[in-house]
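The chain is shown first.

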Amino acid sequence: MFEIERGKITQLNELENGKCPIVSAYGEKQGIQFFGNIEPKYENCITASMNGSGTGYFSYHEDKFEANSDCGVLLPKFKLNKYIGLFLVTIANMSAYRYTYGRKLTINRLENVTNKLPSNEKFPDWDYMENFIKNLQYSDLI
């Protein structure tokens, strides 16, 4: 479902401050650790922390960002929107316990992860996932 690559930034301390969110292995604030003066490469995709105490933490990013080398970037091979992205990272984060500092999340492990998703016949039910998250957001308003 995804093409997976690793972020390319290796030295955050060599970047000047700027406006581009840099996603790292940091496990809070959607993995954003720094705002650098660099052109963003990614948007509308999922990241996975592959190092440190946040190993196995997944996050959806609607807006443009760049990633460091401790971060896996999951580029969808299907039409992804924020609702489906939020559904998928919720499912993925439920299995984050599998990855600890001694058993880091690697690209090979990430490529072999299997999560059960709602489906209609043989394919994921994207409409169900989208509507499920929309209904959660709506129910918070009332």
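Glu130 and Lys134 are joined by a salt bridge, with 2.9 Å between the closest N and O atoms; a salt bridge here is a side-chain nitrogen of Lys or Arg within 4 Å of a carboxyl oxygen of Asp or Glu. The model is predicted: local features need pLDDT of at least 70, side-chain atom pairs count only at pLDDT 80 or more, and totals for chains, interfaces and linings use all residues. Residues are numbered from 1 along each chain as its sequence is written, and side-chain values use heavy atoms, with hydrogens and water left out.

**Salt bridges**
- The structure holds 2 salt bridges.
- Glu130 and Lys134 are 4 residues apart in helix α3, so about one helical turn separates them; helices (H or I, at least four residues) and strands (E, at least two) are DSSP runs, numbered from the N terminus.
- Glu130 is buried at 17% relative accessible area, whereas Lys134 is partly exposed at 33%; buried means under 20%, exposed over 50% and partly exposed in between (1.4 Å probe, protein chains only).
- Lys41 and Glu5 form a salt bridge through their side chains (3.2 Å, N to O).
- This pair links distant parts of the chain, 36 residues apart: Lys41 is in the loop between β3 (32-36) and β4 (45-49), and Glu5 is in strand β1 (residues 2-6).
- Glu5 counts as buried because its relative accessibility is 16%.

**Surface patch**
- A nonpolar patch on the surface is formed by Tyr128, Phe132 and Leu136, which together have about 280 Å² of accessible area.
- Patches take residues with over 30% relative accessible area and no salt bridge, joining like charges within 9 Å and nonpolar side chains (Val, Leu, Ile, Met, Phe, Trp, Tyr) within 5 Å; areas come from the Shrake-Rupley method with a 1.4 Å probe, and for residues only the protein chains shown count as cover.
- Tyr128 lies in helix α3 (residues 126-141) and is partly exposed, at 41% relative accessibility.

**His61**
- His61 is in strand β5 (residues 58-61) and is buried, with a relative accessible area of 5%.
- Leaving aside neighbours within four places in sequence, His61 is in contact (heavy atoms within 4.5 Å) with Val23, Gln30, Glu43, Asn44, Cys45 and Thr47.
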